[in-house]
Amino acid sequence: MYRQQILDHYKNPRNYGELEDPDFTHVGENPSCGDTIQMEVDLADDGETIAAARFTGDGCAISMAAASMLSEELHGMTTDELDALETDDVTDLLGVDVSPMRIKCAVLGRQVAQDGAKIHAGELDPNAERTITEE
Amino acid sequence: MEAPEQYPFDVAALRADFPILERSVGGDPTTPGEGPDDDVDLVYLDNAATSHTPDPVVETIADYYRTYNSNVHRGIHQLSQEASVAYEEAHDTVADFIGAAGREEVIFTKNTTEAMNLVAYAWGLETLGPEDNVVLTEMEHHASLVTWQQIGARTGADVRYIEVESDGTLDMDDAAAKIDDDTAMVSVVHISNTLGTVNPISELASMTHEHDGLIFADGAQSVPNRPVDVADLDVDFFAFSGHKMCGPTGIGVLYGRQALLESMQPYLYGGEMIRKVTFEESTWEDLPWKFEAGTPSIAQGIGLAAAIEYIESIGLERIEAHEELLAEYAHEQLSDLDGVEIYGPAGDERGGLVAFNVDGVHAHDLSSILNDYGVAVRAGDHCTQPLHDKLGVAASVRASFYVYNTVEEVDVLVEAVTAARDLFA
């Protein structure tokens with residue numbers, strides 16, 4: 001599971017940090033692992049194309065590498081395309097078979113980005129509990 | 001430390017009773033059992049979560065289903081009588097095993113958690129009020145911690161925690177301060193499932209009783225691997241689970257002093273636990289059946305008795321010596337590795353488990369890599385989230401040993417931990 005590419009993204013995460021004035025920010029966690037990820041997104045003037053994405057977080061190599069890889073993919077994606085991302089899309093990015101018990105680590109970053117976009121669009125209650133992908 | 005040459009019993013011969021130890025892993029985890037892609041020897045070090053079941057116990061359970069499967073306490077027919085006698089005698093076996101006065105003090109539950117909830121509901125909800133306090137420790141398993149937390153919230157009782165010192169032992173001065181005249185219950189883990197700390201139960205019991213409180217010890221991690229006598233410990237309640245001691249899942253034990261159990265109302269109502277029922281009211285069966293409503297886990301109860309006979313045939317003192325040998329060896333070998341942090345007391349003062357972290361490697365990543373080496377460990381918070389918060393870590397990896405484990409298996413663990421550390425360096 002720990003191919004060089006995953007270790008590289010874990011040790012040198014891409015787009016790691018915060019944006020100056022993001023259109024939306026969202027945080028989520030996996031309580032049992034202690035994985036926490038914050039996603040920040042800038043939208044283009046059309047209000048739906050992702051112009052920039054940054055993340056910060058703390059967690060296992062799978063969750064951090066997946067968030068790093070996702071942050072690269074998000075650039076230029078529309079919020080509808082983000083919403084359509086499925087678990088397989090994330091594991092394809094990782095390029096490895098993620099064992100069943102680790103899937104929740106892999107999809108945390110995607111879930112945080114999707115929930116953040118939905119809250120921004122008024123489709124999800126911002127006062128709802130923070131994103132939890134625990135199953 | 002040199003690898004010890006002598007085990008307290010013949011481990012190699014004993015392993016023959018556990019065919020699962022011969023299987024390989026590494027293949028597709030979505031299909032149970034060994035498959036063509038399983039290519040690495042299993043090294044099972046997750047015994048604090050659940051132990052394996054030896055053939056004699058499996059045979060006892062299979063024999064019940066094959067030859068006298070029947071409901072208990074209901075039929076006059078022979079099969080029901082055979083099942084009832086075996087199921088009732090299983091309570092006697094447990095009573096002898098833990099030093100209880102008799103079967104009246106031995107209630108079969110689903111597991112330790114249910115035993116804890118039984119007392120919390122049947123005694124705690126009925127008895128506690130805002131003037132009372134319940135004393136736990138910071139190293140309690142969620143089975144105790146969450147349960148009393150909820151009972152405290154419902155009754156207004158103050159729930160307080162005896163602090164854990166940096167060496168993983170209880171602060172007994174803090175215990176003396178927290179246990180006071182308003183203490184109704186002290187609920188304390190006998191051996192910590194995370195730190196491996198062996199808590200001084202009888203000392204805590206005498207402190208509790210001086211203040212006229214009750215004490216409940218959680219024996220889930222102690223009963224499987226050392227002689228335990230509830231009279232020596234002087235506890236009022238005690239609980240443990242069958243599946244951590246060579247028995248099946250679905251069976252646990254609540255020990256309670258007979259007078260206490262008699263004073264308590266039932267926790268579950270229904271069949272099996274009643275004596276006389278009218279449209280208006282009901283009366284209860286004698287102990288222990290009063291607390292065993294509905295069809296119980298019959299095969300599992302009989303299986304638990306077989307498991308007790310199995311580990312008694314090895315000898316609990318010898319099992320304890322074997323666990324100490326492996327835990328001390330693992331503690332020393334892991335301590336020698338740079339970047340490894342071990343939680344809990346030093347090697348010769350702990351139960352048979354070692355929880356640790358490797359600097360820069362998340363516990364779940366470490367566990368995944370260990371799995372590639374065939375090594376099964378627990379990774380996570382081990383149902384002690386507040387303790388992990390205190391330790392300042394989100395999760396840890398825990399290796400835990402049982403009767404069939406060997407020094408060579410500890411060596412595989414250490415090799416795999418070293419490889420994981422180097423991969424992430």
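1. The side chains of A:Arg102 and B:Asp365 meet in a salt bridge, with N and O 2.9 Å apart. A salt bridge here is a side-chain nitrogen of Lys or Arg within 4 Å of a carboxyl oxygen of Asp or Glu. A:Arg102 lies in the loop between helix H4 (87-94) and helix H5 (103-106) of chain A, and B:Asp365 lies in helix H12 of chain B, so the pair joins two chains. Helices (H or I, at least four residues) and strands (E, at least two) are DSSP runs, numbered from the N terminus. Both A:Arg102 and B:Asp365 are buried. Buried means under 20% relative accessible area, exposed over 50%, and partly exposed in between (1.4 Å probe, protein chains only).

2. A word on the basis. This is a predicted model: local features need pLDDT of at least 70, side-chain atom pairs count only at pLDDT 80 or more, and totals for chains, interfaces and linings use all residues. Residues are numbered from 1 along each chain as its sequence is written, chains are lettered from A and ligands numbered from 1 in the order in which they are written, and side-chain values use heavy atoms, leaving out hydrogens and water.

3. Confidence comes next. Chain B has a mean pLDDT of 95, and 99% of its residues reach 70 or more. pLDDT is the predictor's confidence in each residue, from 0 to 100. Where pLDDT is low, the predicted coordinates should not be read in detail. For the complex, the predictor gives an ipTM of 0.84 and a pTM of 0.93.

4. Now the interface. Chain B puts 15 residues into the contact and chain A puts in 16. Contact means heavy atoms within 4.5 Å. The two chains bury about 1,200 Å² between them, 58% of it on carbon and sulfur atoms. That area is the accessible area (1.4 Å probe) that two parts lose on being put together, summed over both.

5. Which polar links cross the interface? The rule finds one salt bridge between chain B and chain A. It also finds eight residue pairs in polar contact, both residues at pLDDT 80 or more. A polar contact is a pair of N or O atoms within 3.5 Å; within protein, one must be able to donate a hydrogen and the other to accept it, and residues adjacent in sequence count only if both atoms are side-chain atoms.6. On the side of chain B that touches chain A, helix H12 (363-372) and helix H14 (407-424) of chain B are the elements that give two or more residues. H12(B) gives the most, with four residues. This side of chain B divides into seven nonpolar, six polar and two charged residues. Ala, Val, Leu, Ile, Met, Phe, Trp, Tyr, Cys and Pro count as nonpolar, Asp, Glu, Lys and Arg as charged, and the others, Gly among them, as polar.

7. B:Ser367 is also found in helix H12 of chain B. B:Ser367 is buried, with a relative accessible area of 15%. Leaving aside residues up to four places away in sequence, B:Ser367 touches B:Val377, B:Ala379 and B:Val397.

8. Over all chains, the count comes to 19 salt bridges. One of them links B:Glu320 and B:Arg226, with the closest N and O atoms 3.3 Å apart. B:Glu320 lies in helix H11 (residues 316-335) of chain B and B:Arg226 in the loop between strand E8 (214-218) and helix H8 (230-233), so the pair ties together parts that are 94 residues apart in sequence. B:Arg226 counts as buried at 8% relative accessibility.
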